[in-house]
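Here are my notes for a colleague opening this structure for the first time. Please keep the 3D view at hand while reading.

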Amino acid sequence: MSWLIIASCVILCCSFSSFFRLEKLGALKWDKVVHGNQAWRLITCIWLHAGVIHLLANMLSLIFIGIRLEQQFGFSTLSVSFCSGSVLSSLFIQRSISVAASGALFGLLGLMLSELLTNWTIYTNKATALITLTVIIVINLAMGILPHVDNFAHIGGFLTDFLLGFVLLLRPQFGWVGRKHLPAGARVTSKHKAYQYLFLVIVMVLLIAGFTVGLVMLFRGENGHDHCSWCHYLSCVPTSKWHCGN
């Protein structure tokens, strides 16, 4: 049985909880993290769901996307996770609690996109794959502008795993043969292309800088909206049908 299926069962057992109890179970709450010495909420919130619909949507995404990636790159690769979604969420959502389970699922979409780009040369229908994946990503992120949806967790998870994909999901270039399989004296070609190594260096710098800046801002008690006046539209767009509040 796939390890992702087993993980899904574990999440299922932990997710059926009424909203008012989520805080006690480890949901993300800004003042608890910053002033209550409860930084562990940045991690525990990714195991919680806000309801049955939220849970089922995530499980379907995990089945259709996660299994494919696990089969290609292994469970150990996909099990590397970070609390990027919850960090970004804490910077911008400070007056209510949040659960960031969906951030990890959006991370899978980020992994798929970066895997496509960094291993571009091995794909045949490149444009079709890129357009299809881009449309899926845009539709899912667009749903996050509805009220009561933490789109900052989605964006944080997507961006972080998009960058991680350039590090974790590198494939050898087409036609590469390891040194041990070549006859003596044969010329050994590079395992990866130059642009793959360039992506790797740039991504490592961006990840380290991003996490450092985000965590410093969070534990200094800063509000992300003070540095980005329009960012609230990324999580909720007010219309005549609903209001976003604060």
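1. A definition comes first. A nonpolar core is a set of buried Ala, Val, Leu, Ile, Met, Phe, Trp, Tyr and Cys residues joined through side-chain atoms within 4.5 Å. Buried here means under 20% relative accessible area. Note also that the model is predicted.

2. Start with the largest nonpolar core. It has 23 residues. Those touching the most other members are I65, L69, L108, L109, L113, I137 and F158. At least two residues of this core come from each of α5 (52–73), α8 (101–118), α9 (126–143), α10 and α11. The largest share, seven residues, is supplied by α8.

3. Look next at L109. Leaving aside residues up to four places away in sequence, L109 touches I65, I136, I137, N140 and F158. Another core, of 17 residues, lies apart from the largest one. Its members include V33, V87, A100 and L218.

4. Turn to helix packing. Two packed helices are described by the angle between their axes and the distance between the axes. Helix α10 spans residues 151–168, and helix α11 spans residues 194–219. They pack at an angle of about 145 degrees, with axes 8 Å apart. The crossing of α10 and α11 is left-handed.

5. Which residues in α10 meet α11? From α10 they are T160, L163, L164, F166 and V167. Their partners in α11 are F199, L200, V203, M204, L206, L207 and F211. The residues of this contact are 11 nonpolar, one polar and no charged.

6. Is helix α7 mostly covered or uncovered? Helix α7, residues 84–92, is mostly covered. Eight of its nine residues are buried. The buried ones are S84, G85, S86, V87, S89, S90, L91 and F92. Their cover includes α3 (30–34), α4 (41–44), α10 and α11.

7. Now take α7 against α11. Their axes come within 10 Å and cross at roughly 40 degrees. The two helices are therefore oblique to each other. The crossing of α7 and α11 is left-handed.

8. The contact itself can be listed. S84, V87, S90 and L91 of α7 meet F211, G214, L215, M217 and L218 of α11. These residues divide into six nonpolar, three polar and no charged.

Conventions. Residues are numbered from 1 along each chain as its sequence is written. This is a predicted model: local features need pLDDT of at least 70, side-chain atom pairs count only at pLDDT 80 or more; totals for chains, interfaces and linings use all residues. Side-chain values use heavy atoms; hydrogens and water are left out. Axes are lines fitted to C-alpha atoms, for helices over the stretch in contact, and angles run from 0 to 180 degrees between N-to-C directions. Helices (H or I, at least four residues) and strands (E, at least two) are DSSP runs, numbered from the N terminus. A crossing is left-handed if the near helix is turned anticlockwise from the far one by less than a right angle, and right-handed if clockwise. Contact means heavy atoms within 4.5 Å. Ala, Val, Leu, Ile, Met, Phe, Trp, Tyr, Cys and Pro count as nonpolar, Asp, Glu, Lys and Arg as charged, and the others, Gly among them, as polar. Buried means under 20% relative accessible area, exposed over 50%, partly exposed in between (1.4 Å probe, protein chains only). Angles under 35 degrees count as roughly parallel, over 145 as roughly antiparallel, 65 to 115 as roughly perpendicular and the rest as oblique.
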